[in-house]
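I opened the notebook to look up a few things in this model.

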Amino acid sequence: MSIQRTFVMIKPDGVARRLIGECIQRFERRGLKLVAIKMQILTREKAEEHYQEHKGKEFYESLISFITSGPTVQMVWEGEDAINQVRNMIGNTNPLKSEPGTIRGDFALITQMNIVHASDKTESAEREIALYFSTGDILQYKTDDEHWLTSK
Ligand code: CMP
């Protein structure tokens with residue numbers, strides 16, 4: 001078992017299109033566990049910190065102004081192989097490659113306005129979680145199904 005935590009952010013387009021519940025429901029139904037959640041309009045400083053690896057790319061300025069344009073939702077999801085499971089569930093960044101059945105494949109047609117962001121690897125998950133949450137914000141609890149699994 002590899003229980004991981006991953007960071008997910010619903011972007012301003014996802015909030016504006018009332019897709020917060022849709023995204024949460026998909027992750028819950030898959031069996032992932034929500035351990036932290038908050039909502040905020042990102043400052044430019046926070047957005048630049050989040051997307052530091054994209055600084056200098058031709059879409060960077062547009063990405064920063066888009067991501068700071070309205071409310072966003074930050075979440076930490078926990079579960080077996082959570083990082084790759086969530087990445088698979090949100091779909092490819094390229095709209096031509098995001099499969100139907102994924103969040104982006106079902107709801108996004110434009111690369112920048114792609115509803116949701118999720119960490120791509122362990123180091124990113126750790127960095128992104130720490131960017132938005134302190135240790136005390138992340139709940140530790142067991143659900144009934146987990147009690148059953150760990151007792152087997
Ligand atoms: P995300 O998974 O949040 O990671 C970086 C974001 O930059 C990406 O989703 C898109 O919103 C945006 N992005 C990536 N590539 C491009 C691109 N070629 N043009 C515009 N935006 C992009």
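Entry 1, the sheet. I count two strands as paired if DSSP finds at least two bridges between them. The model is predicted, and I keep that in mind throughout. I found an open sheet of four strands, ordered β2-β3-β1-β4. The pairing is antiparallel. Which strands sit at the edges? They are β2 (33-40) and β4, each of which pairs on one side only. From one strand to the next, the twist averages 20°.

I then checked a single pair of strands. β2 and β3 run antiparallel and are joined by seven bridges. Within this pair I noted A36, which stands opposite V76 in β3.

I looked up the largest nonpolar core, which has 20 residues. Which residues touch the most other members? V8 and F27 do. I listed the elements that give two or more residues to this core: β1 (3-10), α2 (20-30), β3 (72-80), α5 and β4 (116-118). The most comes from α5, with four residues.

I went back to F27 for its contacts. Leaving aside neighbours within four places in sequence, I found F27 in contact with V8, L32, W77, V86, M89, I90 and I103.

Which residues are around the ligand? I wrote down K11, Y51, H54, F59, L63, T93, R104, T111, Q112, N114 and H117.

A polar backbone atom of T111 is 3.5 Å from an oxygen atom of the ligand. For Q112, a polar backbone atom is 3.1 Å from a ligand oxygen. N114 uses its side chain: a polar atom there lies 3.2 Å from an oxygen atom of the ligand.

I located S98 in the loop between α5 (82-90) and α6 (103-107). Is S98 buried or exposed? Its relative accessibility is 8%, under the 20% cut-off, so S98 counts as buried. I looked up its contacts, leaving aside neighbours within four places in sequence. They are G91, N92, R104 and G105. R104 is also on my list of residues around the ligand. The side chain of S98 reaches the backbone oxygen of P95 at 3.2 Å. I also took one distance from S98 to L34. The two are 64 residues apart in sequence and 24 Å apart in space, C-alpha to C-alpha.

I found E146 in helix α8 (residues 144-150). Why does E146 count as buried? Its relative accessibility is 19%, and buried means under 20%, so E146 falls within the cut-off. What does its side chain reach? It reaches the backbone nitrogen of T143 at 2.9 Å. Not counting residues up to four places away in sequence, E146 touches K33 and Y141.

Terms used:
Residues numbered from 1 in each chain as written. Predicted model: local features only at pLDDT ≥ 70, side-chain atom pairs only at ≥ 80, totals over all residues. Heavy atoms only, no water. Buried < 20%, exposed > 50% of the residue type's maximum accessible area, 1.4 Å probe, protein only. Contact = heavy atoms within 4.5 Å. Polar contact = N/O pair within 3.5 Å; in protein donor to acceptor, adjacent residues only side chain to side chain. Core = buried A, V, L, I, M, F, W, Y, C linked by side-chain atoms within 4.5 Å. Axes fitted to C-alpha atoms, helices over the stretch in contact; angles between N-to-C directions. Near = heavy atom within 4 Å.
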